[in-house]
Amino acid sequence: MSDIEIRDDRAAGRLEAVAAGEVVGRIEYFVLDAPGRAVVPVHTIVEPAHEGRGIAGSLARELYGLARREGVAVAPLCPYVVKWAERHPDEAPAADPELLRAAKEWLVAHPGLF
């Protein structure tokens, strides 16, 4: 994993894993403003040639780290991030049910974005 750089493209709503200048994995997300501020991961994608190298887990770990540094919650809708959070409760606090509900409603109200 030392050859992978993780960067946040906030404008595009993507946390990207980059190797040799190429995006090899990403978490697509949006930022929820109400009822509280939260980062909401929707999809985790790793290019097939790069699967099995821990990229998705590194992206999930960085997503929670980013949220912690910014003082916001994570309300995961992405099935991979949900499972990762269940396996790493020390790094991934449980999501507030109200934030999850609001995130799901936001996603339904913005079809076609993800």
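Me: Hi! Is phenylalanine 30 buried or exposed?
Reply: Phenylalanine 30 counts as buried, because its relative accessibility is 6%. Buried means under 20% relative accessible area, exposed means over 50%, and partly exposed is in between, with a 1.4 Å probe and protein chains only. This is a predicted model, where local features need pLDDT of at least 70 and side-chain atom pairs count only at pLDDT 80 or more, while totals for chains, interfaces and linings use all residues. Residues are numbered from 1 along each chain as its sequence is written, and side-chain values use heavy atoms, with hydrogens and water left out.

Me: Thanks! Which ring does phenylalanine 30 pair with?
Reply: The structure has 3 aromatic pairs. In one of them, phenylalanine 30 sits with phenylalanine 114 in a tilted arrangement, 5.9 Å centre to centre with 45 degrees between the planes. Rings of Phe, Tyr and Trp (its six-membered ring) pair if their centres lie within 6.5 Å; planes under 30 degrees apart count as stacked, over 60 as edge-to-face and the rest as tilted.

Me: Where are those two in the chain?
Reply: Phenylalanine 30 is in strand S3 (residues 22-32), and phenylalanine 114 is in the segment after helix H3 (97-109), 84 residues apart. Helices (H or I, at least four residues) and strands (E, at least two) are DSSP runs, numbered from the N terminus.

Me: And is phenylalanine 114 buried or partly exposed?
Reply: Phenylalanine 114 counts as partly exposed, because its relative accessibility is 34%. Phe30 and Phe114 also form one aromatic cluster with Trp106.

Me: What about tyrosine 64 and tryptophan 84?
Reply: Those two make a stacked pair, 5.7 Å centre to centre and 25 degrees between the planes. Tyrosine 64 belongs to helix H1 (residues 55-70) and tryptophan 84 to helix H2 (residues 79-87), so the pair ties together parts 20 residues apart in sequence. Tyrosine 64 is buried at 4% relative accessible area, and tryptophan 84 is buried at 2%.

Me: New topic: what order do the strands have in the sheet?
Reply: The open sheet has 5 strands in the order S1-S2-S3-S4-S5, with mixed pairing. Its edge strands are S1 (5-9) and S5 (73-74), each pairing on one side only. Two strands pair if DSSP finds at least two bridges between them.

Me: How do S4 and S5 pair?
Reply: Strand S4 (residues 38-46) and S5 run in the parallel sense over 2 bridges. Valine 39 has valine 74 in S5 as its bridge partner.

Me: Last one: which residues does the UniProt domain annotation cover?
Reply: The unreviewed UniProt entry gives "domain: N-acetyltransferase" for residues 7-96. Over residues 7-96 the chain is 28% helix and 34% strand. UniProt positions are in the numbering used here, feature names are shortened, and annotations may be inferred rather than shown by experiment.
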